[in-house]
Amino acid sequence: MEIKNIKLSQLPAFFDQLIKSGKVVIAPVMKKSGKVFFERVQSYSQVATDYIQTGFSAKSVVFPKVEVLFSFNKTDDGIDIKDSITDIPETIVWGLRPCDGSAFNYMTEFFLKENPDVYYAARKAKTTLIAISCAKADDACFCTSVGLTPGSTEGSDLLLTTMGEDVYVEVITEKGKAAIDLSASLFSVNEERSKEKYLAKIDTKFSLTEIKERIKTAYDSAEWKNESMGCFGCGACAFSCPTCTCFDIQDEGTQNKGQRLRCWDACGFGQFTKHASGHNPKTNQTQRRRQRLMHKFQYSVENLGIVSCVGCGRCIRVCPAHLNIFENILSVTQ
Amino acid sequence: MSEQFEPKIVAFVCNWCTYAGADLAGTSRTKYATNVSIIRFPCTGRIDFMLLMKAFENGADGIIVSGCHPNDCHYTSGNFHARRRWIVFRSLLDFMGFDTDRITFSWVSAAEGAKWAGLVDETTQRIREKGAFTDFKKLDCSTFEKISHDAITE
Amino acid sequence: MEPKNQYIPYKMRIASITEEAPLVQTYRLEFVDEKDAEQFTFRAGQFAEYGVFGEGESTFCIASSPTREGYLECTFRSTGRVTKALANCELNDIIGLRGPFGNTFPIEEWYGKNIVFVTGGIALPPLRCVIWNLLDQREKFGDITIYYGARSVNDLVYKEELEEWSSRSDVKLYVTVDPGGETPEWKGLVGFVPTVLEQNPPKSDNAVAIVAGPPILIKMGMPILSKNGFDNANIYTTLENRMKCGVGKCGHCTVGKTYVCKDGPVFTYEEVLKMPAEY
Amino acid sequence: MTPLQNKVAELFENGTISLMIGYKNAINKLAVPCFIDHATQVEQLIYTPECKGNLSVYLHKAEIKQAKKIGILANIATLRSLVQLTSENQLSDIEKTVITINAQNEVLVFDNMEKVEEYVQANFPEYTEEDKKLLEQLNSMTRAERWQYWSEQFAACVKCYACRAVCPMCYCSSCTVECNQPQWIKVSSETTGNLEWHTMRAMHLAGRCINCGECGRICPVGIPVHLLTAQMNLDIEKEFGSKTGFSCNSGYALNTFKPEDKEQFIK
């Protein structure tokens, strides 16, 4: 891995080069509500710098909340179908956290390993991820418990760590290299150093190896009921989660002209598994929340070998009932 | 000669008064604007606000909602309930910044064929001056552009 | 090579429509594009996503046998938005089809064995595909026994084919209707499928059983067969959960870690027992 | 043990309640709902200014209803929703004991709704300063500005339906958004559909919303959705003189009428 250095004061200049490259730049922006969200920006002045975590993850860059799969148009001699994969712009995501970066690793594995998803593939190929390591954390952060750190490089293309007046730049992939090559003169050579001192301190909440072992038998735990009692069955946790990939396919328009869309869906919704006959295999919130948590820590490990929770803490922060995923996991694996 | 904008007006009317009033306007050969499409309901109490939203979503430029005068409801009180609902709905739309002038509420009895004709003429003229209703379309353009091209979270 | 876009449907023309029962219809579908027809192959047990443009997609098994080439058939009951729109389609209308998806019944492994089918209601279509597949190569199999039940006489599907099967000497057919669903003319059995199965137990030696039906029939039927000496690995079922994508992505059909759409829909009782009972 | 914990333990011991819905400590200094079914667990119970969540929404849950005798720790908003729910005949099948803590930090136990109603009427809450300010700001805008404001807000909505999920008044077992024949509200989240969803929600809650503000507080994208129903309540009070969550017999403003209702816009 190549290590570079850039002066903290030069970051805006680097950012301007990214904008000038004509690519779409998505960065965290502080909204009026005081929450920070990823948004398309035009200059560095719009970018929020003082925040712990964005409200939603950057997954929408590769897995938008609504995506047109194809459009159709009935004609005299049949029906025209036009897919929508063309026209995806080159995109740079600035300022995502290392946990979010590693979430892209999971998403890529999930979407592309088996039955590759062409829409994801097309978007991912055109996305560059510039991560910034965390100097601050709050009680909801638990990346260190799921095998990551506030300075993990997994999944990102470039990782920036502020060290006083300097920014320590880890060039992880070719895409990252291409990004810094846009303003090569701003970067100087640097040698590998420990980032430790500049990273947020996050206590581990549990031992991942132990949890992975124990959750194998946790399905029947009586604690699920108690832990899910507070769950309202909304989709806030799933929609804000960087690794939740469930979606719905819906047609909009008329039978003559319209679009087939895919849009985010959440396993917490009561209707998520309901059959046309009215039969619902998952009748209560206990089963639904168990599915979500077991998926993160058990099923994705069995299917893909990856724990699909990255410890970003978003589901804890957005939960209307303030349910806490790591406390839930701890209690059901007791 | 420049093409004049012809608005699409949807009228939600009750079966017993306004529909009969409109019928009277027709049988009396009263001339009035042809922009209106009438949808007949058993009672104004049945006219759900979502129907009005859907009409706008599907391309209406203006809406007329009309039924029996107070105390004349075929079902005794349907229009009283409707009136309360309209008061609230109209103030909600206003609070959301929706142009409430695009919706005309009225009482037209079975004998008021002339009132009906005048109401349609007046509404058509008002909407014609306002121009096409594009607020919803603009919203969709902006989100779809965002969704498919910018791919951003918000 | 670019991977195929799995969300773009084939265009299918409705070639014939058969009324099977109240609200239940069978459509015969033919590919609009001949190139698609050449490429498309499937095996017994697989399903597809049938879509009405502008309304959405719905999931059913392919009801025709792969041994009958040149067309596909699907049988569905109109209950929801999509199936109702589908039922409103007319002859020669074009609908979308994605698939085939999922795994298949291991028919080659069954050569020389006795086969028992247990099914109810609108779950006969997925097994009809298998039944014809076997009947079209009848000599390769031992006895074929079919248990089929429906809510009422009217609700029995494929009435003509049931006639045909019952008149064949090489098929043993038990047709039953739920108590109260019989008509004065009804000469068959009356009783729920599991009851009929218990009263007329199939022989388990050198046999495999296939159970398909509403979840309740699967949950009740498989233990009965198991108790009758069938090896759990020789009892097959086809699960059907709510599905959207068909390719193991959308998450609707999961039973624990299992995606019914790509790991199934065909499972053995042995596999089902290892899964949570969320189907 | 705090007075609250003592009181709840006592209620368990004398058999008044078999399930207690309260709050316990959560991370980031927040309070999370907790469900206690035995006197030995009462030490988890807290009551702090952070206990904002409206617990009455849990009374609609089948799992909770199974418990025969329910104790519920209620802040003033929760008390109001209990009153409103009672007036809508939603709580008649539940044997409940309501516990609240007043401004003097005394633990009060109400064993019937008349007492709750009396307490609510004596302590009827005003709109918060923040909400008042926001409403004033919005009302002083031009129509076009308000449209702009709400369009931007609704564009951010992701249709997670958390606003519906936390609302004690949203108790329908099947919601209009889940109806797809016809599809009233689009499933995908785009602005018109989002606007229709919020319009529908506000209309269905107008005159029933008890201003707890939960929907706005918990919105993951920060849309102040509670302002819609808050404004509706102001209008309804002005037009029809009815207050929500004020009396157990008041019913619902849009479910009734007066022949003398006034308006200026019906021609």
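Residues are numbered from 1 along each chain as its sequence is written, while chains are lettered from A and ligands numbered from 1 in the order in which they are written. Because the model is predicted, local features need pLDDT of at least 70 and side-chain atom pairs count only at pLDDT 80 or more, whereas totals for chains, interfaces and linings use all residues.

Chain D contains 10 helices and 5 strands. Helices (H or I, at least four residues) and strands (E, at least two) are DSSP runs, numbered from the N terminus. The radius of gyration of chain D is 20 Å, close to the 18 Å that the globule rule gives for 267 residues, so chain D is as compact as a globular protein of that length. The radius is taken over C-alpha atoms, and the globule rule is 2.2 Å times the number of residues to the power 0.38. The C-alpha trace of chain D spans about 60 × 45 × 40 Å along its principal axes. Of the 267 residues in chain D, 47% are buried. A residue is buried if 20 or more other C-beta atoms lie within 10 Å of its own, exposed if 12 or fewer, and partly exposed in between, with C-beta atoms placed from the backbone. Contacts join residues whose C-beta atoms, placed from the backbone, lie within 7 Å. Among contacts in chain D between residues at least 6 apart in sequence, 67% join residues at least 24 apart.

Chain D is divided into domain 1 (3-122) and domain 2 (129-255). Such bounds come from an automatic or database domain assignment. Taken over C-alpha atoms, the centres of the two domains of chain D are separated by 26 Å. Their contact takes 20 residues from domain 1 and 19 residues from domain 2 of chain D. On the domain 1 side, helix H3 (76-87) and helix H4 (113-122) of chain D each supply at least two residues. H3(D) gives the largest share of that side, 8 residues. By class, the domain 1 side has 6 nonpolar, 10 polar and 4 charged residues. Ala, Val, Leu, Ile, Met, Phe, Trp, Tyr, Cys and Pro count as nonpolar, Asp, Glu, Lys and Arg as charged, and the others, Gly among them, as polar.

For chain C, the domain assignment gives domain 1 (10-101) and domain 2 (107-238). The C-alpha centres of these domains of chain C lie 24 Å apart. In chain C, 17 residues of domain 1 are in contact with 16 residues of domain 2. Strand S1 (10-21), strand S4 (56-61) and strand S5 (72-77) of chain C are the elements that give two or more residues to the domain 1 side. That side of chain C has 9 nonpolar, 5 polar and 3 charged residues.

Chain B holds an open sheet of 4 strands, ordered S2-S1-S3-S4, with parallel pairing. Two strands pair if DSSP finds at least two bridges between them. The edge strands of chain B are S2 (36-41) and S4 (103-107), and each pairs on one side only. Neighbouring strands of the sheet are turned by 20° against each other on average, direction ignored. Strand S3 (residues 62-67) of chain B runs parallel to S4(B), and 5 bridges join them. Ile64(B) has Thr104(B) as its bridge partner in S4(B). Helix H1 (residues 18-27) of chain B packs on the sheet and touches S1 (9-14), S2 and S3 of chain B; the direction of H1(B) makes about 120° with that of S1(B). Helix H4 (residues 113-130) of chain B also packs on the sheet, touching S1, S2, S3 and S4 of chain B; the direction of H4(B) makes about 155° with that of S3(B). Axes are lines fitted to C-alpha atoms, for helices over the stretch in contact, and angles run from 0 to 180 degrees between N-to-C directions.

The contact takes 36 residues from chain B and 35 residues from chain D. Helix H2 (49-57), helix H3 (78-95), S4 and helix H5 (135-150) of chain B give two or more residues each to the chain B side. The largest share of that side, 12 residues, comes from H3(B). The chain B side has 18 nonpolar, 9 polar and 9 charged residues. No contact joins chain B and chain C, whose closest C-alpha atoms lie 15 Å apart.

How values were computed. Two residues are in contact if their C-beta atoms, placed from the backbone, lie within 7 Å.
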